Amino acid sequence: MSEKRHTADTEARRLPDTFRDTPNTGLGLCGWILVIVSFLFTLVTFPLSIWMCIKVIAAEGEMNASRALKEASMVITESPAALQLRYLQTLTTIAAEKNSTIVFPLPIDMLQGIMGAKQ
C-alpha cells in the first residue's frame with residue numbers, strides 16, 4: 001500500500017501545478033468570463049421577457065375592453081332611453097367632481113314637442 005502511495009506522490013510531483021486538485025484554484029479566467037456572460041445574458045433577456053408579458057397582458061385588456069364596449073353599444077342601440085340615462089349619469093358624475101354649473105342641451109325630440117304645441 002505504501003508503494004502505491006509513493007508512486008501516486010511521484011506522479012503528482014511530475015504534473016504541472018495547474019492540473020493538481022487543490023481547493024484554492026478559484027474560477028480562473030474562463031470561469032469568470034462565463035459568469036459575466038451569463039450575467040449579461042440574464043440582464044438582457046429578463047427585462048425583454050417581462051416587457052413581452054406586459055404587452056400580452058395589455059393586449060388582453062384591450063380585447064376585453066372592446067368586447068365590453070361592443071356589448072354596451074348593443075344595449076344602448078336596443079333602448080334609446082338608455083343613452084339618455086347614460087348621458088344624465090355622466091353629467092351627475094361631472095357635477096359631483098367639480099362644483100360648477102353645467103348647461104346641457106335638451107334632446108331635439110323634446111324641443112319639437114314644445115314647438116308643435118305652440119303652433
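A residue counts as buried under 20% relative accessible area, as exposed over 50%, and as partly exposed in between. The model discussed here is predicted. In it, C53 has a relative accessibility of 48%, so this cysteine is partly exposed. C30 reaches 60% and therefore counts as exposed. A disulfide is a covalent bond between the sulfur atoms of two cysteines. The count of disulfides in this model is 0.

The protein chain holds 4 helices and 0 strands. Read from the N terminus, the order of elements is α-α-α-α. The mean pLDDT of the protein chain is 75, and 66% of the residues score at least 70. Among the elements, helix α1 (residues 2-14) has the lowest mean pLDDT, 58. Helix α2 has the highest, 87. Where pLDDT is low, the predicted coordinates should not be read in detail.

The protein chain has 119 residues, and 2% of them count as buried.

The relative accessible area of V44 is 51%, so V44 is exposed. The cut-off for that class is over 50%.

Key
Residues numbered from 1 in each chain as written. Predicted model: local features only at pLDDT ≥ 70, side-chain atom pairs only at ≥ 80, totals over all residues. Heavy atoms only, no water. Buried < 20%, exposed > 50% of the residue type's maximum accessible area, 1.4 Å probe, protein only. pLDDT = per-residue confidence, 0-100. Helix = DSSP H or I, 4+ residues; strand = E, 2+ residues; numbered from the N terminus. Disulfide = S-S within 2.5 Å.
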